[in-house]
Amino acid sequence: MGKKLDIKQINSIAKEFNMSWQVRKLFGKFLEQEKASSYGGTLNAKGDFTWEELRQKAEEFLHDFEES
Amino acid sequence: MATVSLLATNPQIKPDLARIISMITQPMIGEICRQISFSYGDELELDFGEMTPCDHPKLAHLLKGSWRFGARATPWTLKHIDRVLVSTSEDDTGEEILFAKEVIKQLENKKLNELIVDAETVGLTLGFEDNYQLILEPNLDDDSGLAYWELFMPTEQVLTVGSGYFWDCKSIHERH
């Protein structure tokens, strides 16, 4: 039931932001948490993210990672 | 960390796929499924073994297992004593997804008894105690380029299988 398009988008974002496999795995969890915390995207009613929103989330995610 | 991969297009190589995956995953047998969760894209994730906090400030309240299995976008079926409890597909409705997410939680705290890869179909069966089976049946014609499943291991390596007969075992620190 995993959504191919969503998962492929995460892979593409991981490549663009030079994420390791471990970080990409965490990024997927992070996005799901953002949706659950009412910080989801505008793509649909489920809070999925547009491509540009995914890029913004990646920047935010990696920034927090570096700060920690 | 060493990277190992194989593109088993030669039918004579296919039996090696099952044997090698079995060898790599052998230490996982007997581990308890500590957590069932879903990642972005409704990807099923099963965490086994020792649980530790996720190493990101916004995820520090979440735990991850020393073994982390991800079904990627592959449809899965949960059986109990050969009876299908739930079977998923990419076309599932929101209601069906919610149902599947609830039913799969029956695997929490179950011990993994076996992990079997079918060398011909690349199908995967995870056998759990109390006669539960989680079955992944990849579509070999799928040209999405996505792996059928992946397994993050305590060795800081990630094992990926698919698409096709391709498998790979690399460092989790390797870049995409």
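Trainee: Is Asn18(A) buried or exposed?

Mentor: A residue is buried if 20 or more other C-beta atoms lie within 10 Å of its own, exposed if 12 or fewer, and partly exposed in between, with C-beta atoms placed from the backbone. Asn18(A) has 10 other C-beta atoms within 10 Å, so Asn18(A) is exposed. Please note that this is a predicted model, in which local features need pLDDT of at least 70 and side-chain atom pairs count only at pLDDT 80 or more, while totals for chains, interfaces and linings use all residues. Residues are numbered from 1 along each chain as its sequence is written, and chains are lettered from A and ligands numbered from 1 in the order in which they are written.

Trainee: Where does Asn18(A) lie, and what is its phi?

Mentor: Most residues other than glycine have a negative phi, and most peptide bonds are trans. Asn18(A), however, has a positive phi near 55°. Asn18(A) lies in the loop between helix H1 (4-16) and helix H2 (21-36) of chain A. Helices (H or I, at least four residues) and strands (E, at least two) are DSSP runs, numbered from the N terminus.

Trainee: What is the phi of Arg72(B), and is Arg72(B) buried or exposed?

Mentor: Arg72(B) is not a glycine, yet its phi is positive, at about 50°. Arg72(B) has 26 C-beta neighbours inside 10 Å and therefore counts as buried. The loop that holds Arg72(B) runs between E4 and strand E5 (76-80) of chain B.

Trainee: Which peptide bond is cis?

Mentor: A cis peptide bond, with omega about 0°, joins Gly162(B) and Ser163(B). Ser163(B) is in the loop between strand E11 (157-161) and strand E12 (166-171) of chain B.

Trainee: Why is strand E4 of chain B largely enclosed by the rest of the structure?

Mentor: Strand E4 (residues 63-70) of chain B is largely enclosed because 6 of its 8 residues are buried. For its pairing, the criterion is that DSSP finds at least two bridges between two strands. Strand E3 (residues 43-53) of chain B runs antiparallel to E4(B), joined by 7 bridges; Glu45(B) has Gly70(B) as its bridge partner. E4(B) and strand E10 (residues 149-152) of chain B are also antiparallel, with 3 bridges, and Arg68(B) is partnered by Phe152(B).

Trainee: How many residues of chain B are in contact with chain A?

Mentor: Two residues are in contact if their C-beta atoms, placed from the backbone, lie within 7 Å. On that basis, 33 residues of chain B are in contact with 28 residues of chain A. Strand E2 (33-39), E3 and helix H2 (94-103) of chain B each give two or more residues to this side of chain B.
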